Amino acid sequence: MEFVTTTEAGRMLGVGPDTIKKYYEVGIIDGHRLPGRGDLRIEVASLERVKDSRTRVSSTVTTIPAAG
């Protein structure tokens, strides 16, 4: 398994490190805390799952023509 920091994870998803921490806390992404300081490391595979689910949702959205 490959892990990255919250900053790196944020770059991968286009969000900030605080959002990554919230995603971890609510179970959207997987990771673990390091012993000692407790720094968070995020599992890359879980980031890929989130990216894939975002792509699938956004690719199914259609635009509605403006009335006029």
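# Notebook: strands, helices and salt bridges

**Entry 1. Starting point: Phe 3.** I began with Phe 3, which has its place in strand 1 (residues 3–5). I take helices (H or I, at least four residues) and strands (E, at least two) as DSSP runs numbered from the N terminus. The model is predicted, so local features need pLDDT of at least 70 and side-chain atom pairs count only at pLDDT 80 or more, while totals for chains, interfaces and linings use all residues. Residues are numbered from 1 along each chain as its sequence is written, and side-chain values use heavy atoms, with hydrogens and water left out.

The cut-offs are under 20% relative accessible area for buried, over 50% for exposed, and partly exposed in between (1.4 Å probe, protein chains only). I then listed the contacts of Phe 3, leaving aside neighbours within four places in sequence: Gly 31, His 32, Arg 41, Ile 42, Glu 43 and Val 44. Contact here means heavy atoms within 4.5 Å. I also noted Leu 47, which is 44 residues from Phe 3 in sequence and 9.9 Å from Phe 3 in space, C-alpha to C-alpha.

**Entry 2. The whole chain.** I counted three helices and three strands in the protein. Read from the N terminus, the order is β-α-α-β-β-α. The protein has 68 residues, and 24% of them count as buried. Among contacts with a separation of 6 or more, 44% join residues 24 or more positions apart. The protein exposes about 4,900 Å², of which carbon and sulfur atoms supply 53%; such areas come from the Shrake-Rupley method with a 1.4 Å probe, and for residues only the protein chains shown count as cover.

**Entry 3. Helix 1.** Which residues of helix 1 (residues 6–13) are buried? I found Thr 6, Ala 9, Gly 10 and Leu 13. They lie on the same side of helix 1 because they cover an arc of only 100° around the axis, the arc being that of the directions from the helix axis to the C-beta atoms. Just after helix 1, Gly 14 takes a positive phi of about 75°.

Thr 6 has a relative accessible area of 11% and is buried. Apart from neighbours within four places in sequence, Thr 6 is in contact with Pro 17, Ile 20, Lys 21, Leu 40 and Ile 42.

**Entry 4. Helix 1 against helix 2.** I looked up how the two helices pack: the angle is about 95° and the axes are 8 Å apart. Axes are lines fitted to C-alpha atoms, for helices over the stretch in contact, and angles run from 0 to 180 degrees between N-to-C directions. Helix 1 and helix 2 are therefore roughly perpendicular to each other; angles under 35 degrees count as roughly parallel, over 145 as roughly antiparallel, 65 to 115 as roughly perpendicular and the rest as oblique. Helix 1 contributes Thr 6, Thr 7, Ala 9, Gly 10 and Leu 13 to the contact, and helix 2 contributes Pro 17, Ile 20, Lys 21 and Tyr 23.

Not counting residues up to four places away in sequence, Ile 20 touches Thr 6, Ala 9, Gly 10, Leu 13, Val 15, Ile 29 and Ile 42. Thr 7 and Ile 20 are 13 residues apart in sequence and 8.2 Å apart in space, C-alpha to C-alpha.

**Entry 5. Salt bridges.** For a salt bridge I required a side-chain nitrogen of Lys or Arg within 4 Å of a carboxyl oxygen of Asp or Glu. How many salt bridges does this rule give? The count comes to four, and I describe some of them here.

Asp 30 and Arg 49 form one of them, at 2.9 Å from N to O. This pair links distant parts of the chain, 19 residues apart: Asp 30 is in the loop between helix 2 (17–26) and strand 2 (31–33), and Arg 49 is in helix 3 (residues 44–60). Asp 30 is partly exposed at 34% relative accessible area, and Arg 49 is partly exposed at 45%.

Arg 37 pairs with Asp 39, with the closest N and O atoms 2.6 Å apart. Arg 37 counts as exposed at 72% relative accessibility, whereas Asp 39 counts as partly exposed at 25%.

Glu 48 pairs with Lys 51, with the closest N and O atoms 3.9 Å apart. The two are separated by about one helical turn because they are three residues apart in helix 3.
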